[in-house]
Amino acid sequence: MKKRALIAMSGGVDSSVAAALTRDAGYECVGVMMKLFDPGTEAETAGYTCCAPDHREDAARVARQLGMEFSILDFGEEFAGRVISRFVSAYEKGETPNPCIDCNRYMKFGKLFEKAGELHCGKIVTGHYARTARDEKTGRWLLKRAANRAKDQSYVLYFLSQEQLAHIFFPLGEYESKEQVRSLAARYGFSNAEKHDSQDICFVTGKSYGDFMEAYTGKKYPEGEFVDSQGRVLGRHRGIIRYTIGQRKGLGLALPAPLYVCRKELETNRVVLSPEEELYASSLTTGDFNWIACEPSGTPLRVTAKTRYNGKEAAAAASLLENGEVRVVFDQPQRAITPGQAVVLYDGDTVVGGGTIRRVDR
């Protein structure tokens, strides 16, 4: 009897090639696509689009070509609660969230793992660019960067548990270029071989975050003051949710010198602007930290740390605090560290762990 694998399919080239490679590795493949919104909900009126007809047809066509079962799973209610609501809540608390991490955590590696169990699938497969490995000395499962460093997605997978890592297969992790993947898609005869990669947050397509949130919640977020770090009023902002740390463009101010969003004061509904040098901070504290490569200890770890998906890593020391939080102290101050984003720690190509940035120390 063949081993069974559940393939998360989006209609894109990456998940399609991942499905083909899994089939070629000897698995009986079951393809599923997640429908992440229910027609008639607030999300529809806010312009949210996902699981569009052309994406569904591309995924179904690939499944037919590979002789796979294929179905669409309706996770609209869960997506609204676990991803969109958390996104809105984070902005309302003055943070800048990464909803793709929540979608991966709660949908792709949450709900789909449940479905894999129901369908007796021992592996769950996605088109992510990352790798897994087993540490023979410790017995722990490891999450590692993809061979294609430009496409590496290990940053958005830092939350994976040992149990999840034991059942995950990332077929694209060993390929060094996207061109290799597209070439494979063409060789398999997939019509989506040249399909463009998705870039935007799926439920904010064609809108600003602020416009989406007002349409989704029905709220009108109040205007307030832009001030400098001495409290001098510089102008009016259009709602505190519309700004993020480090932002310079789109402020709508005529300023004699460049100023950047330095912090947001929810109590006074003020957005504080400062020169760029005031954006730098030396340390941060993170909550809900997930340790992957090792168990936490009282000894500070030398790591490199990444505070944004497309950000550069920086040398740092990570220490476990008594309350379970993790403090990361950088060798050199870092620009625009932002609460709500993830900090992910690396030891070479191996993800040590990661968590959500809660506080920043300047």
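This is a predicted model: local features need pLDDT of at least 70, side-chain atom pairs count only at pLDDT 80 or more; totals for chains, interfaces and linings use all residues.
Contact, for this talk, means heavy atoms within 4.5 Å.

Residues are numbered from 1 along each chain as its sequence is written, and side-chain values use heavy atoms, with hydrogens and water left out.

Let's start with the overall picture. The protein chain has 8 helices and 17 strands; those are DSSP runs, H or I of at least four residues for helices, E of at least two for strands, numbered from the N terminus. Its radius of gyration is 22 Å, close to the 21 Å that the globule rule gives for 362 residues, so the chain is as compact as a globular protein of that length. That radius is taken over C-alpha atoms, and the rule is 2.2 Å times the number of residues to the power 0.38. If you want dimensions, the C-alpha trace spans about 70 × 50 × 35 Å along its principal axes.

How much of the chain is buried? 51% of the 362 residues, where buried means under 20% relative accessible area, exposed means over 50%, and partly exposed is in between, with a 1.4 Å probe and protein chains only. As for contacts, take those with a separation of 6 or more: residues 24 or more positions apart account for 66% of them.

Now, charges. There are 49 positive and 47 negative side chains, and the centres of the two sets lie 2 Å apart. Lys and Arg count as positive, Asp and Glu as negative, and His and the chain ends are not counted. Each charge is placed at NZ of Lys, CZ of Arg, CG of Asp or CD of Glu.

Side chains of opposite charge can pair when their charged atoms come close. In this model we get 31 salt bridges, meaning a side-chain nitrogen of Lys or Arg within 4 Å of a carboxyl oxygen of Asp or Glu.

Let me walk through a few. R23 and D24 meet in a salt bridge at 3.0 Å, N to O. R23 is partly exposed at 30% relative accessibility, and D24 is partly exposed too, at 45%.

Next up, R131 and D349, with the closest N and O atoms 3.9 Å apart. R131 lies in strand β5 (residues 131–134) and D349 in the loop between β16 (342–347) and β17 (350–361), so this pair ties together parts that are 218 residues apart in sequence. R131 counts as buried at 18% relative accessibility, while D349 is partly exposed at 30%.

R358 is partly exposed at 35% relative accessibility, and so is D288, at 41%.

Most residues other than glycine have a negative phi, and most peptide bonds are trans. D288 isn't a glycine, yet its phi is positive, about 40 degrees. H120 is another non-glycine with a positive phi, near 60 degrees. H120 sits in the loop between α5 and β4 (123–125), and at 66% relative accessibility it counts as exposed.

Is K111 buried or exposed? Buried, with a relative accessible area of 19%. Leaving aside neighbours within four places in sequence, K111 is in contact with F75, E78 and Y106.

On to P333, in strand β15 (residues 326–335). P333 is partly exposed, at 41% relative accessible area. Again skipping neighbours within four places in sequence, P333 is in contact with Y280, A281 and S282. By comparison, Y216 is 117 residues from P333 along the chain, and their C-alpha atoms are separated by 37 Å.

Y216 brings us to the last stop, helix α8 (residues 209–217), where G210, F212, M213, E214 and Y216 are buried. After α8 comes G218, with a positive phi near 80 degrees.

That's the tour. Happy to go back to any residue on the screen.
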